[in-house]
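Subject: Handover of a structure

Hello,

I am passing a structure on to you. Please open it and keep it in view while you read my notes below.

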Amino acid sequence: MLQSGIDFGKIFGNLYESMGFVQGNWQNYVMLLISFVLMFLAVVKKFEPMLLLPIAFGMFLINIPGAEKVLWGTYPTNEAGEITSTAYDSVENRGLLWYLYFGVDKVIYPPLIFLGIGAMTDFGPLIANPKSMLIGAGAQLGIFVAFILASFLGLSVAAAAAIAIIGGADGPTAIMVTSKLASDYVPTIAIAAYSYMALIPIIQKPLMRLLTTKKERAIRMKPLRQVSKVEKILFPIVVTLVVGVILPDSITLLGMLMLGNLFKESGVVGRLSTQAQNGLMNTITIFLGIAVGCKAKGEIFLSIQTLEIIAIGLLAFIIGTIGGLLVAKVMCKVTKGQINPLIGSAGVSAVPMAARISEDVGREYDPQNHLLMHAMGPNVAGVIGSAIAAGVLLACFGGYIDGSATSAIMNAITTTV
């Protein structure tokens, strides 16, 4: 028997007001469409699906009208119903996505991703050909050009540094730098970074053909020397020590990268190496992707500033590719044709995709020309270079969270003088 005094009108009114289509706005629906496009690219086109798919689905979840307060939580409000704080730690009634985002906010996921990358990567090609470090360094040119450009567009120095790091084509590094310097930009920069990584074949191949000649593209490189086990074990230890002493701000990413590689090369912790490569790497990839995607809310993501960030990031990636190619061309001239300039494009940090593109383009002009192992040297150097570049940006501009980049640079110059 129904209890008397129940206000059915109020009950159904509350139900109606809780429905998503009542709470949504046009930005939510635009972002839902964008998430569908990203899922299509991940599933059908197979563009970086391991990260693009969870990012797209996180974006999809958080933009379902009304889902944010369930999946993320609510922000504190005053008596007038106005939000008083949007800080991560101020969220009330915290949901699943808030807890998953903890690893991004506290910069836990990116170093763990680097641990897995280190355990999966063979540094042998870089050790066998140390000159590859020059190509990896040249490919970081895009980072610093983009930083200068963003600075003079009036963005804060923190935002400029965070946007510039996209040029390294390294998602975890971009997330770490952005989380520390300009956390509001994390979703935009992370999605841009991983999107450009996924689009490497489309972006890099025309540049490779434009900046190299047919003769250069057909150059066959001599086989790399055999690297001893002792060299492979000492390399991560020595690099961590040298870079750590000079630039401690880079040690979080670089240290985890080298630890993972030491697991792999030592041969005595096979279970740890396997776990870092597989179970841990896959789990963190899921958490990182969903956490980044869930911050891409329509009202924040759909703005002119977002388009500016994406454009500058694309320019940074293009210039980084050009920088690596030009350094490789110079090395080709100096060595009298012993180095194929195509491996220069692999100087960006997208391992091993960028190296595979060097192989693919080379085989277009000589099916028997195998450049993959030669390109892995600059590719690994790019990973190390992006971690070092991140350390440089954090060391130089970590104290300039507020204010324009131009004024920060002028202050730094004045202080130095």
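Which residue with a positive phi follows H6? Val107 does, with phi near 55 degrees. Helices here are DSSP runs of H or I with at least four residues, strands are runs of E with at least two, and both are numbered from the N terminus.

Some ground rules. This is a predicted model, so local features need pLDDT of at least 70 and side-chain atom pairs count only at pLDDT 80 or more, while totals for chains, interfaces and linings use all residues. Residues are numbered from 1 along each chain as its sequence is written, and side-chain values use heavy atoms, with hydrogens and water left out.

H6 covers residues 96-105. Its buried residues are Leu97, Trp98, Leu100, Tyr101, Gly103 and Val104. Buried means under 20% relative accessible area, exposed means over 50%, and partly exposed is in between (1.4 Å probe, protein chains only). These buried residues pack against H4 (49-62), H5 (68-71), H7 (109-120), H12 (171-181), H13 (186-198) and H18 (270-293). Contact means heavy atoms within 4.5 Å.

Back to Val107. This residue sits in the loop between H6 and H7. Val107 counts as buried, at 14% relative accessibility.

Asn93 also has a positive phi, near 50 degrees, and is a residue other than glycine. Look for Asn93 in the loop between H5 and H6. Asn93 is exposed, with a relative accessible area of 62%.

**The nonpolar core**

The largest nonpolar core has 116 residues. Such a core is a set of buried Ala, Val, Leu, Ile, Met, Phe, Trp, Tyr and Cys residues joined through side-chain atoms within 4.5 Å. Trp72, Leu257 and Leu288 touch the most other members. H22 gives the most to this core, with 12 residues.

Take Leu288 and set aside its neighbours within four places in sequence. What is Leu288 in contact with? The partners are Leu51, Val104, Tyr109, Ile113, Ile175 and Tyr194. Val104 is one of the buried residues of H6.

**The largest pocket**

Rolling a probe the size of a water molecule over the atoms shows where empty space is left. The largest pocket has a volume of about 720 Å³. Its lining holds 30 residues, and the closest to the pocket centre are Glu48, Met120, Met281, Val351 and Pro352. On a 1 Å grid over the protein atoms alone, a pocket is an open set of points where a 1.4 Å probe fits, with protein on both sides within 12 Å along at least five of seven lines; lining residues have an atom within 4 Å of a point. Points are joined across faces, edges and corners, and the volume is the space filled by probe spheres set on them.

H4, H7, H12, H13, H18, H21 (353-365) and H22 (372-397) each supply at least two lining residues. H18 gives the largest share, 4 residues. By class, the lining has 19 nonpolar, 6 polar and 5 charged residues. Here Ala, Val, Leu, Ile, Met, Phe, Trp, Tyr, Cys and Pro count as nonpolar, Asp, Glu, Lys and Arg as charged, and the others, Gly among them, as polar.

Check the peptide bond from Val351 to Pro352. That bond is cis, with omega near -10 degrees. Pro352 lies in the loop between H20 (304-334) and H21.

**Salt bridges**

How many salt bridges does the structure hold? There are 10 (a side-chain nitrogen of Lys or Arg within 4 Å of a carboxyl oxygen of Asp or Glu).

Asp122 pairs with Lys232, the closest N and O atoms being 3.3 Å apart. Asp122 lies in the loop between H7 and H8 (124-128) and Lys232 in H16 (residues 229-246), so the pair ties together parts that are 110 residues apart in sequence. Asp122 is partly exposed at 25% relative accessibility, whereas Lys232 is buried at 17%.

Glu231 and Arg225 form another salt bridge (2.8 Å, N to O). Glu231 is partly exposed at 26%, and Arg225 is partly exposed at 42%.

Arg363 and Glu359 meet at 3.9 Å, N to O. Both lie in H21, 4 residues apart, about one turn of the helix. Salt bridges that share partners also join Asp89, Asp105 and Lys106 into one network.

Best regards
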